[in-house]
Protein chains: 2
Amino acid sequence: MPKLSQRSYDMPASAIRKLVPYAEAAKKRGVKVYHLNIGQPDIKTPEHALDAIRNIDTKVIEYSHSAGIESYRRGLAKYYQNINIDVDYSDILVTAGGSEALYFAMMVAFNPGDEIIIPEPFYTNYNSFTMLAGVNVVPITSKIEDGFALPKIKDFEEKITDRTRGILICNPSNPTGGMYEEEELKQLRDFAIKHDLFIIADEVYREFVYDGRKHVSVMHLEGIEDRTILIDSTSKRYSECGSRMGCLVSKNKEFTKNALKFGQARLSPPYFGQILGEASLSTPKEYFEEVYNEYVERRNFLIAELNKIEGVYTPMPKGAFYTIAKLPIDDCDKFCQWMLEEFNYENQTVMMAPASGFYATKGSGKDQVRIAYVLKKEDLANAVKALEAGLKEYKRTQM
Amino acid sequence: MPKLSQRSYDMPASAIRKLVPYAEAAKKRGVKVYHLNIGQPDIKTPEHALDAIRNIDTKVIEYSHSAGIESYRRGLAKYYQNINIDVDYSDILVTAGGSEALYFAMMVAFNPGDEIIIPEPFYTNYNSFTMLAGVNVVPITSKIEDGFALPKIKDFEEKITDRTRGILICNPSNPTGGMYEEEELKQLRDFAIKHDLFIIADEVYREFVYDGRKHVSVMHLEGIEDRTILIDSTSKRYSECGSRMGCLVSKNKEFTKNALKFGQARLSPPYFGQILGEASLSTPKEYFEEVYNEYVERRNFLIAELNKIEGVYTPMPKGAFYTIAKLPIDDCDKFCQWMLEEFNYENQTVMMAPASGFYATKGSGKDQVRIAYVLKKEDLANAVKALEAGLKEYKRTQM
């Protein structure tokens, strides 16, 4: 057999997937598993958007334009204009999910060997796309006791080398639920200008911002239009993760022009996802209000319940639908597997994401897990009960 | 403005796209443009497959499995078994079009700096995906006077270096319409074994094989199961290019395992494309017969008409729906642009793909164009008339 590439061995396998066989085995034993491990919401996709799919009368499913269907791009531009992001449809490249947008951004903005600074903990797949682009991740640790606020600019300064070319942030953040304030973003802007860096912002959770906060986009910051790249996706906004529909937005025309070449190589983004995405743009306010209220209720309940457990601490998330919780455990990978493999409480258990996978600094986050509040309140209640019982039993028998 | 990556400048822009503004300008002048430049068929997508999309009653469009929906993969395995390709569903990774399958194959099989041999002329986007993977293309020229048959194995032998790791073929071929016979493929197999190479075969035109020929897949060849990688797509088979639905197939378990990690990085293939693809698997024979007859009639008509024009030669395509024609011209890029920019015959003209873009050897194919017979006969007739008149006028005024 011919040898496979080194990169195919180096490519990280999904950490959560490693737990999947244990979850499946648990289910086979008749144990109910609460999936708080993933960002797959149980929220319904807007019905009128699904109707647009059901009413398709196209006879030939043709390639669309490599940058996306024009009417969809024009609709997206309007969506952005409504939230005070001043872009033209020609600044938008429609992609197969936020994933492809991120991949294109890495390939176009950076050369192999370049470094980008990313506050950790961060979304695991950033590792995959930086690796594909040959870009080195320089992590900068944000702390649970600060509610995962943006690290101080002086900490950023310490990370600068002659290969530093960009900053990648997720705001609001998966996995932390943290959100950056306008003042923090302005400091980041000044830092980017000073060191001639790109700022890439993954803002796919923009609509999930709580307690009367106002989301500030990197696209709102003045004076860095030529160095700002927005990663977006319809996945979470309209609960249509499976349609793989995202976009890449920048006012840097040279960037967009070169990014389109990557779009042309894969011909076009998925057709049906664009139809669903375009219809979703006219989702009524009530949908978001309902979803918003649902998440706030889940969040408030979950955070209160978690913090009642002895030795557990989790900050109040400002956005998205995740929280990172510090648990009284030695090793989150071991604990999460044990919860599935060996434990159940009244025939129920919880699947969580070990937080170690969200840190690039080796050994960090070993006592943390990410919990997604994507299930309804009564399920969350049962999950927390199982977690509490699990922590006791784990301490007694495993530590 | 921060500098963009070198690769984003090196990345080839679509050669055909360069002609698009000229085609659009021609249309604005009221000239009818026949698009024989692209592989976008006018054939209808199977109606029952579109019905599967129209009947979707899913409430939440969730991520699917990173390797694809299991029932779809099982359906695909059956499709392959029916054409004597013995694969299990676990040998199949569902991808966003053949494009993504090709990209994954390059990334998993090869290291940067590795060389792969590709018979030219070849599909332009192979350049993009090899470039993304840092793989060097070593072209080996097939000739129009041989009907673009597989070059002799001794020609392949001459291309071998210590970095040669694979062979990529397209069979039946876009852009040539050529098809490799069993005997040629067996020679290629022996060559691959001798030099320990992967054979990657793009067989997306498998169903378009004419004159009673039988398509032989690389997956039919015995003794190279661990070095064979199949690139496939539903785009042409069911005329559903826009749905972006392909797959990567190999019996090399290590290959599939590593490829899945790339699949996990982008989370999942597009949901709706999978629904359409799965429903398409039960497309009745009559659909293919009708499509087949349509293409045969178009092909026979086009080839006969082209060869009647003075100084034009094109071989009879054995498969797919393209042909490469040699024209009495000095420069196909210049000629194709001129046909759109300056010429019309009774207010009609033709858009063709300059063949220069299909050759990796500089200066090759300058007197050739690729013509896709994706339009109905009466349009082809008008297109050929315009081409004939254009060639006369071009010779008189431009050469």
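Colleague: Which residues does Tyr80(A) touch, not counting residues up to four places away in sequence?

Modeller: The model is a predicted one. Tyr80(A) belongs to the largest nonpolar core and is listed with those that have the most contacts inside it. Beyond four places in sequence, the residues that Tyr80(A) touches are Ile85(A), Val87(A), Ile92(A), Arg206(A), Leu230(A), Asp232(A), Cys247(A) and Val249(A).

Colleague: How many residues does the largest nonpolar core have?

Modeller: Among the residues with the most contacts inside this core are Phe156(A), Ile167(A) and Phe272(A), and also Tyr80(B), Ile167(B) and Phe272(B). A second, separate core includes Met107(A), Ile229(A), Ile116(B) and Leu132(B), and has 69 residues. For the largest nonpolar core, the count is 91 residues.

Colleague: What is the area buried between chain A and chain B?

Modeller: The contact draws 82 residues from chain A and 81 residues from chain B. Pro2(A), Arg7(A) and Tyr63(A) supply 11% of the area that chain A buries against chain B, more than any other three residues. Carbon and sulfur atoms give 55% of the total, which is about 6,500 Å².

Colleague: How many residue pairs are in polar contact between chain A and chain B?

Modeller: Salt bridges between chain A and chain B number zero. Polar contacts are counted with both residues at pLDDT 80 or more, and on that basis the number of residue pairs is 47.

Colleague: Which helix gives the most to the side of chain A that touches chain B?

Modeller: By class, that side of chain A has 39 nonpolar, 23 polar and 20 charged residues. At least two residues each come from α1 (6–10), α3 (47–54), α5 (97–109), α6 (125–133), α9 (253–265) and α10 (271–280) of chain A. With seven residues, the element that gives the most is α9(A).

Colleague: Is Arg227(B) buried or exposed?

Modeller: Arg227(B) sits in the loop between β6 (198–202) and β7 (228–233) of chain B. Leaving aside neighbours within four places in sequence, its contacts include Met1(A) and Pro2(A) from chain A, and Ala192(B) and Asp196(B) from chain B. The cut-off for the buried class is under 20% relative accessible area. Because its relative accessibility is 7%, Arg227(B) counts as buried.

Colleague: Which residue has its backbone oxygen 3.0 Å from a polar atom of the side chain of Arg227(B)?

Modeller: The contacts of Arg227(B) in chain B also include Ile193(B), Leu197(B), Phe198(B) and Ile199(B). The backbone oxygen at 3.0 Å from a polar side-chain atom of Arg227(B) is that of Leu197(B).

Notes
Residues are numbered from 1 along each chain as its sequence is written. Chains are lettered from A and ligands numbered from 1 in the order in which they are written. This is a predicted model: local features need pLDDT of at least 70, side-chain atom pairs count only at pLDDT 80 or more; totals for chains, interfaces and linings use all residues. Side-chain values use heavy atoms; hydrogens and water are left out. Contact means heavy atoms within 4.5 Å. Buried area is the accessible area (1.4 Å probe) that two parts lose on being put together, summed over both. A salt bridge is a side-chain nitrogen of Lys or Arg within 4 Å of a carboxyl oxygen of Asp or Glu. A polar contact is a pair of N or O atoms within 3.5 Å; within protein, one must be able to donate a hydrogen and the other to accept it, and residues adjacent in sequence count only if both atoms are side-chain atoms. Helices (H or I, at least four residues) and strands (E, at least two) are DSSP runs, numbered from the N terminus. Ala, Val, Leu, Ile, Met, Phe, Trp, Tyr, Cys and Pro count as nonpolar, Asp, Glu, Lys and Arg as charged, and the others, Gly among them, as polar. A nonpolar core is a set of buried Ala, Val, Leu, Ile, Met, Phe, Trp, Tyr and Cys residues joined through side-chain atoms within 4.5 Å. Buried means under 20% relative accessible area, exposed over 50%, partly exposed in between (1.4 Å probe, protein chains only).
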